[in-house]
Amino acid sequence: ESEPWWPVLKTQKDLINILTTITWVTFGHHAAANFGQYAYGGYFPNRPTIARTNMPIEDPTEEEWKIFMKKPKRALLQCFPSQLQATRVMAVLDILSNHSPDEEYLEEKSESSWAEDPFINEAFERFHVRLKELEWIIDERNANGSSKNRVGAGVVPYELLKPFS
């Protein structure tokens, strides 16, 4: 509590803010940061983890520049990680991006102890309705072709924070 960044817990509103932050970090932020890693990084040219050679962009020798200009694809392929390096990273990203088969989802069903308390059960129902609204908003945005980055080849719908995906 002596650190200036440590949250103050004196009121009900303070508790709500702290619990909201914990819930966001452990659910939403974790899902957004982790579950999409393979979809993007699994194709290693999107995010190479290592460069095996320097790209001849700053002060190249005349010979390096000549080779690059003659076969730029070869220079790029030499720079990319080896097949083994790329495959290892793809495997790790696949593991990090997958859901556990025994995961339980907060929005799926109310806990039996919650259902017994009308106040808690009503709050859960409001939460569930709000999640359905958010799902609809994301689906609408995915379907809107005029939105930024929603046109062209390889357009993938946004799924990371869809509550029921």
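Domain bounds here come from an automatic or database domain assignment. For this protein chain, that assignment gives domain 1 (9–98) and domain 2 (102–164).

**Ground rules**

I am working on a predicted model, where local features need pLDDT of at least 70, side-chain atom pairs count only at pLDDT 80 or more, and totals for chains, interfaces and linings use all residues. Residues are numbered from 1 along each chain as its sequence is written, and side-chain values use heavy atoms, with hydrogens and water left out.

**Entry 1: the two domains**

I looked up the spacing of the domains: the C-alpha centres of domain 1 and domain 2 lie 27 Å apart. Seven residues from domain 1 and four residues from domain 2 take part in the contact, where contact means heavy atoms within 4.5 Å.

**Entry 2: the largest pocket**

Next I went for empty space. Rolling a probe the size of a water molecule over the atoms shows where such space is left. My terms: on a 1 Å grid over the protein atoms alone, a cavity is a set of points where a 1.4 Å probe fits but cannot get out, while a pocket is an open set with protein on both sides within 12 Å along at least five of seven lines. Lining residues have an atom within 4 Å of a point. Grid points are joined across faces, edges and corners, and a volume is the space filled by probe spheres set on the points.

I get about 1,900 Å³ for the largest pocket. Its lining counts 48 residues, with Phe27, Gly28, Ala31, Leu131 and Leu161 nearest the centre. Helix 1 (12–34), helix 2, helix 5 and helix 7 (118–143) are the elements giving two or more residues to this lining. Helices (H or I, at least four residues) and strands (E, at least two) are DSSP runs, numbered from the N terminus. Helix 1 has the largest share of the pocket lining, at twelve residues.

Where does the largest pocket lie relative to domain 1 and domain 2? Both domains give residues to its lining, so the pocket lies between them.

By class I find 27 nonpolar, 13 polar and eight charged residues in the pocket lining. Ala, Val, Leu, Ile, Met, Phe, Trp, Tyr, Cys and Pro count as nonpolar, Asp, Glu, Lys and Arg as charged, and the others, Gly among them, as polar.

**Entry 3: glycine 28**

I picked glycine 28 from the residues nearest the pocket centre. Glycine 28 sits in helix 1 and is buried, with a relative accessible area of 12%. For the record, buried means under 20% relative accessible area, exposed over 50%, and partly exposed in between (1.4 Å probe, protein chains only). Not counting residues up to four places away in sequence, glycine 28 touches Thr23 and Leu161. I also checked glycine 28 against leucine 9: they are 19 residues apart along the chain, and their C-alpha atoms are separated by 23 Å.

**Entry 4: the cavity**

The count comes to one cavity of 30 Å³ or more. The largest cavity has a volume of about 30 Å³. Its lining is Gly41, Phe44, Arg47, Pro48, Thr49, Pro81, Ala86, Val89 and Met90. Helix 5 (residues 83–97) supplies the largest share, three residues. By class, I noted six nonpolar, two polar and one charged residues in the cavity lining.

**Entry 5: aromatic pairs**

I found three aromatic pairs. In tryptophan 5 and tryptophan 6, the ring centres are 5.5 Å apart and the planes are at 70 degrees, so this pair is edge-to-face. The rule: rings of Phe, Tyr and Trp (its six-membered ring) pair if their centres lie within 6.5 Å, and planes under 30 degrees apart count as stacked, over 60 as edge-to-face and the rest as tilted. Tryptophan 5 is exposed at 60% relative accessible area, and tryptophan 6 is partly exposed at 45%.

Phenylalanine 44 and phenylalanine 80 are also edge-to-face, at 5.1 Å centre to centre and 85 degrees between the planes. Phenylalanine 44 lies in the loop between helix 2 (37–41) and helix 3 (62–70), and phenylalanine 80 in the loop between helix 4 (72–79) and helix 5, so the pair ties together parts 36 residues apart in sequence. Phenylalanine 44 is partly exposed at 25%, while phenylalanine 80 is buried at 12%.

**Entry 6: two glutamines**

Glutamine 37 is in helix 2 and is buried at 14% relative accessible area. Beyond residues up to four places away in sequence, glutamine 37 touches Gly42, Arg47, Leu93, Leu96 and Ser97.

Glutamine 85 is in helix 5 and is partly exposed at 27%. Leaving aside neighbours within four places in sequence, glutamine 85 is in contact with Ile50 and Arg52.
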